[in-house]
Amino acid sequence: MWSRPDLANASDSESDRYEELLVNPTLLLLVKQRGQIDCGGMDYVIIRYGNFFQVVKEIDPETHISLAVGIDGDLIRVANRMSEVLATRT
């Protein structure tokens, strides 16, 4: 896990740990399974917390990436850029 040291309104690092170990993998699994039924799959998940958004994308069934984005951030642009960068790494 990595984060910038100068973040305002960031969540606690201990809660981030549980988010990465429990919450994000569970959400990805649920949304992916739902998407496979009749929605054409799943590309990423966007979560709105009070102070920021979280964009979460599966890399493989055991690995994901998540980026916190400010309230005024361009979420779709961030998600698409995540996909582009990951596509060059495989």
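These questions and answers look at a predicted model of a protein chain and one of its pockets.

In this predicted model, local features need pLDDT of at least 70 and side-chain atom pairs count only at pLDDT 80 or more, while totals for chains, interfaces and linings use all residues. Residues are numbered from 1 along each chain as its sequence is written, and side-chain values use heavy atoms, with hydrogens and water left out.

Visitor: What pLDDT does the protein chain average?
Guide: The term pLDDT is the predictor's confidence in each residue, from 0 to 100. Of the residues, 84% score at least 70. The average for the protein chain is a pLDDT of 88.

Visitor: Which element supplies the largest share of the lining of the second largest pocket?
Guide: A pocket is an open set of points on a 1 Å grid over the protein atoms alone, where a 1.4 Å probe fits, with protein on both sides within 12 Å along at least five of seven lines; lining residues have an atom within 4 Å of a point. Helices (H or I, at least four residues) and strands (E, at least two) are DSSP runs, numbered from the N terminus. At least two lining residues come from each of α1, β2 (53-60) and β3 (63-69), and the largest share, 5 residues, is from α1.

Visitor: Which side chain meets Lys32 in a salt bridge?
Guide: A salt bridge is a side-chain nitrogen of Lys or Arg within 4 Å of a carboxyl oxygen of Asp or Glu. Here the N to O distance is 3.2 Å, and the partner of Lys32 is Glu58. This pair links distant parts of the chain, 26 residues apart, with Lys32 in helix α1 and its partner in strand β2, namely Glu58.
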